[in-house]
Amino acid sequence: MPLETPVPATSAAATEPPSRQQRLRSEAAALFPGGVNSPVRAFRAVGLPPLVIERGEGPYVVDADGRRYVDYVGAWGAAILGHAHARVVAAIRAALERGLAFGATHPDEIALASAIRGAMPSIELLRFTSSGTEAAMSALRVARAATGCDLVIAFAGGYHGHSDGLLAEAGSGVAAQGIPGSAGVPAPVAAQTIVLPYGDAEAVDAALHRHAGRVAAVIVEPVAANMGVVEPGGAYLAALRRATDAHGTLLVFDEVITGFRVSRGGAQQRYGVTPDLTVLGKVIGGGMPVGAYGGRRDLMRLVAPVGPVYQAGTLAGHPLAMAAGTATLAELSEERYEALEATAAELEQGLRDAARAAGRAVSLARVGSLLTLHFRAAPPRNAAEAGEVDREAYAGFFGAMLDQGILPPPSPLEAWFVSLAHGPAEVAATIAAARRALAA
Ligand code: PLP
């Protein structure tokens, strides 16, 4: 159904006035492409009208008709403490009173940067941006400047934001030749990105040999979370480290999702593999717009005004984002990660049991508080396998969960984000709903 068409909830809707949410949805459809400001919000992958969310409280979001959902979208990963966490809100309020933005160095930038550096020793110097997209794009600019090489290796099914070069994806098995993954990306730009299958270290080694002396960086989500959750494991990451070292290529971990999520020190701590550069976002902004990239001092000293790599931002290091991020990271002690792990493990087990009871060919992948219920008998290991999930079955599952007040991600190829606000009651409600949804 075209999203621009207001969707009647029941046949009676033809005579009833539209609900507030239906009205807002129609207004949004007249203002934004697809009615949204980021494509996945349109719910196209599940064939339903998108929600208009009015507010959030802890593990819940509330739509414009006042319906409450246990939320596993979690602002796409940013809301690790849940919504409207009192200390984060208080920190933002206090920052607000001091003024919004100054375009100058601010004490809160230093506080957040120190917390990040304390958790991730590979980050000696860093730079804040306003989004993960900018951070990933800028990290690769640094890598290219440092190595004098243009090519970059990325992996099919990975996502590093929407900058031109990073939308390239493998086409028709021509893994060595990037093709535009989006209209509007110049082919010569896309061709600078070599797209390889995720989880295959030999393919990386082979590509580095084939393009010897021409590859600036390998950029990787150390746990993939944009084709559903796919855990390649520490041995794969260590193999990437060895291969890049052997070829003078830089290793860039995109920890926009995994940073401060799969452990306080991110995937690099969890798997004990140290990248040259790290890209961050989401959790470090506590729900405010933010990104960061950082790493080895010699590399980051290439960034202007010290070095020749230009990168800037009017609102970069925004005081409200810095305050929200600092307050968020202050809550994330090692014990809180243990609690998060326990909650997510309970949810995983419940979903596994529900799937078994329903006799459904689904599988579960979980790393810390990231999980995906894959509608495929075995968890996918790469984009090709993730492409085989039963999208129609997922859409049915999603609709049945939504009807029961549970909001999983509106696409089978996204992670569920468990937060510290999710407790036993929400987990139990989710599992009970999943039993019914999977049995249907
Ligand atoms: N990198 C990863 C791994 C992401 O998941 C995302 C966004 O989902 C980005 C980069 C881009 O971040 P942003 O949406 O803040 O531009």
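Good morning. The mean pLDDT of the chain is 93, and 94% of its residues reach 70 or more; pLDDT is the predictor's confidence in each residue, from 0 to 100. Over residues 1-10 the pLDDT is below 50, and this stretch has 17 contacts in the model beyond near neighbours in sequence, a contact being heavy atoms within 4.5 Å. Residues 170-178 also stay under 50, with 12 contacts beyond four places in sequence. Where pLDDT is low, the predicted coordinates should not be read in detail.

This is a predicted model, in which local features need pLDDT of at least 70, side-chain atom pairs count only at pLDDT 80 or more, and totals for chains, interfaces and linings use all residues. Residues are numbered from 1 along each chain as its sequence is written, and side-chain values use heavy atoms, with hydrogens and water left out.

I turn to a sheet. Three strands form an open sheet in the order β13-β14-β16, with antiparallel pairing; two strands pair if DSSP finds at least two bridges between them. Helices (H or I, at least four residues) and strands (E, at least two) are DSSP runs, numbered from the N terminus. The edge strands, β13 (363-367) and β16 (416-417), each pair on one side only. Strand β14 (residues 370-374) is joined to β16 by 2 bridges, and Leu 370 stands opposite Phe 417 in β16. Helix α11 packs on this sheet, touching β13, β14 and β16, and its direction makes about 175 degrees with that of β13. Axes are lines fitted to C-alpha atoms, for helices over the stretch in contact, and angles run from 0 to 180 degrees between N-to-C directions.

Which helix does α11 (residues 334-358) cross at roughly 20 degrees? The partner is α14 (residues 424-439), and the two axes come within 9 Å. That angle makes α11 roughly parallel to α14, a term for angles under 35 degrees. The residues of this contact divide into 11 nonpolar, 3 polar and 3 charged. Here Ala, Val, Leu, Ile, Met, Phe, Trp, Tyr, Cys and Pro count as nonpolar, Asp, Glu, Lys and Arg as charged, and the others, Gly among them, as polar.

Finally, the axes of α3 (residues 107-119) and α10 (residues 319-331) come within 8 Å and cross at roughly 35 degrees. The residues in contact include Leu 112 and Ile 116 of α3, and Met 322 and Leu 329 of α10. By class, this contact has 8 nonpolar, 2 polar and 2 charged residues. Thank you.

Conventions. Angles under 35 degrees count as roughly parallel, over 145 as roughly antiparallel, 65 to 115 as roughly perpendicular and the rest as oblique.
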